[in-house]
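Open the model in your viewer and keep the sequence panel beside it. The stops below each begin with a selection.

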Amino acid sequence: MRHSFFLLFAFFVSLGCSAQTLKMRDVFVAMPDSVLLLVTENNRLDCIDFVDNNMEAKVRNRADEFVEMKKLTGDYLFFLTSESSRTEMKLLTVQDSVQVVCVVRTYLGPGADSDVAFYRADSWQSLEGSVLSCLNGARPAVEDFFVDENGDDSKDNYIQMLRDFPLMEANLSADTLELTWTLGLSALSKDEKKAAQKIVQPIRQSLLR
């Protein structure tokens with residue numbers, strides 16, 4: 001494995017050597033372990049090597065579970081981080097030159113639930129509460145997923161039940177700067193789900209306002 005090459009590159013990135021445009025593979029290699037706790041640096045380096053050699057990019061994480069890189073492009077990554085979680089990343093360029101990485105972590109339990117975070121691509125500094133007002137990945141409200149359906153009174157009941165257990169799955173697009181939120185309905189009964197599906201729709205957001 002060519003670990004020494006990637007370690008050297010990560011070192012320069014950590015020093016702020018960001019004059020050139022970074023690619024997703026570079027950002028992924030330089031990512032701190034704290035971003036994905038179960039995925040080690042060696043896991044990431046091995047997956048990159050396997051992708052480069054057109055091999056299945058599957059290794060074992062800290063919990064001895066299989067993790068797998070499913071897709072890697074210049075600005076997008078899809079990674080199975082454990083048997084019950086997955087991660088997507090998308091590189092964005094804002095303010096003409098600042099590169100930002102959007103990270104969507106999805107946890108699979110009774111239903112899928114996601115969180116969205118933004119980091120500087122050259123340093124992995126968290127941009128939580130950032131002044132970069134152009135970034136957009138806010139979690140919707142439960143009621144935002146519902147469409148009006150001839151004044152159906154049941155909508156309010158579904159909204160109230162789902163507010164108590166609000167599961168929302170987020171998915172990035174590999175080809176566009178779009179984030180899609182889907183409302184989980186696992187808190188509803190089988191009949192309630194069937195009825196609610198008729199008046200619930202996904203929410204699509206642009207990552208950049």
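Select Y119 first: at 10% relative accessibility it is buried, where buried means under 20% relative accessible area, exposed over 50% and partly exposed in between, with a 1.4 Å probe and protein chains only. The rings of Y119 and W124 form a tilted aromatic pair, 5.1 Å centre to centre with 55° between the planes. Rings of Phe, Tyr and Trp (its six-membered ring) pair if their centres lie within 6.5 Å; planes under 30 degrees apart are stacked, over 60 edge-to-face, and the rest tilted. The structure holds two aromatic pairs.

A note on the source before moving on. This is a predicted model, in which local features need pLDDT of at least 70 and side-chain atom pairs count only at pLDDT 80 or more, while totals for chains, interfaces and linings use all residues. Residues are numbered from 1 along each chain as its sequence is written, and side-chain values use heavy atoms, with hydrogens and water left out.

Next, colour the protein chain by secondary structure. There are five helices and nine strands, and along the sequence they run α-α-α-β-β-β-β-β-β-α-β-β-α-β. Helices (H or I, at least four residues) and strands (E, at least two) are DSSP runs numbered from the N terminus. Of the 209 residues in the chain, 45% are buried.

Now select V100, F118, L135, F145, F146 and L183. These residues touch the most other members of the largest nonpolar core, which has 30 residues. Such a core is a set of buried Ala, Val, Leu, Ile, Met, Phe, Trp, Tyr and Cys residues joined through side-chain atoms within 4.5 Å. At least two core residues come from each of β4 (85–94), β5 (98–108), α4 (154–163), β7 (168–172) and β8 (178–183). Strand β5 gives the most, with four. In soluble globular proteins, nonpolar side chains tend to be buried together.

Keep F146 and show what surrounds it. Beyond its neighbours within four places in sequence, F146 is in contact (heavy atoms within 4.5 Å) with K155, Y158, I159, L162, L183, I199 and V200. Another core, of 27 residues, lies apart from the largest one; V27, A57, V59 and V101 are among its members.

Move to R44 in helix α3 (residues 41–52). Is R44 buried or exposed? It is buried, with a relative accessible area of 1%. Which side chain does the side chain of R44 meet in a polar contact? That partner is D33, at 3.0 Å; a polar contact is a pair of N or O atoms within 3.5 Å, and within protein one must be able to donate a hydrogen and the other to accept it, with residues adjacent in sequence counting only if both atoms are side-chain atoms. A polar atom of the R44 side chain also lies 3.4 Å from the backbone oxygen of V29. Leaving out residues up to four places away in sequence, R44 touches F28, V29, M31, D33 and V39.

Select L37, in the loop between α2 (24–30) and α3. L37 is exposed, at 62% relative accessibility. Its C-alpha is 9.2 Å from that of T81, although L37 and T81 are 44 residues apart in sequence.

Finish at F66. The charged end of R60 sits over the F66 ring, 4.0 Å from its centre, and the charged end of K58 sits over that ring at 5.2 Å. This requires NZ of Lys or CZ of Arg within 6 Å of the ring centre and within 35 degrees of the ring normal.
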